[in-house]
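Biologist: I am new to this structure and would like to go through a few of its residues. Please show it first.

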Amino acid sequence: MMQQQLQQQQQRPPAGATGGPGGPLTAATLASAPPGVQKQLLGEKLFPAISKYQPELAGKITGMMLEMDNSELLILLESEAQLRTKVDEAMRVLEGQRQA
């Protein structure tokens with residue numbers, strides 16, 4: 001009985017390795033998830049990060065960014081400067097659509 005519990009504990013990933021709410025989302029975690037879930041995981045991490053810059057349009061911008069390749073999105077999540085650049089770029093696109 002004790003041995004079974006010990007084996008189960010050893011098979012669990014360490015806390016934070018799953019890309020949960022508090023932990024980082026890693027490429028390995030993302031790769032182990034089904035394709036539909038990958039975008040959901042990325043969106044859950046992107047939305048609060050984008051909300052810091054554009055709270056009112058965070059949903060729209062997150063949706064726009066989720067069209068990008070997953071590897072690019074992981075880079076944005078790791079780099080505030082690159083994320084900010086993409087948010088600014090998305091804002092220019094949205095402003096251009098309003099003027100048209």
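Biologist: Is N70 buried or exposed?

Modeller: This is a predicted model, and N70 sits in helix α5, residues 70-78. Its relative accessible area is 15%. Buried means under 20%, so N70 is buried.

Biologist: Which side chains make polar contacts with the side chain of N70?

Modeller: A polar contact needs a pair of N or O atoms within 3.5 Å. The side chains of N70 and K39 are joined by such a contact at 2.8 Å. At 2.9 Å, the side chain of N70 also has a polar contact with the side chain of Q38. The partners are therefore K39 and Q38.

Biologist: How are α5 and α6 oriented at their crossing?

Modeller: The axes of α5 and helix α6, residues 80-99, come within 5 Å. I75, L76 and E78 in α5 meet E80, Q82, L83 and K86 in α6. The residues of this contact comprise three nonpolar, one polar and three charged. The axes cross at roughly 115°, which makes α5 and α6 roughly perpendicular.

Terms used. Residues numbered from 1 in each chain as written. Predicted model: local features only at pLDDT ≥ 70, side-chain atom pairs only at ≥ 80, totals over all residues. Heavy atoms only, no water. Helix = DSSP H or I, 4+ residues; strand = E, 2+ residues; numbered from the N terminus. Buried < 20%, exposed > 50% of the residue type's maximum accessible area, 1.4 Å probe, protein only. Polar contact = N/O pair within 3.5 Å; in protein donor to acceptor, adjacent residues only side chain to side chain. Axes fitted to C-alpha atoms, helices over the stretch in contact; angles between N-to-C directions. Parallel < 35°, antiparallel > 145°, perpendicular 65-115°, else oblique. Contact = heavy atoms within 4.5 Å. Nonpolar A, V, L, I, M, F, W, Y, C, P; charged D, E, K, R; others polar.
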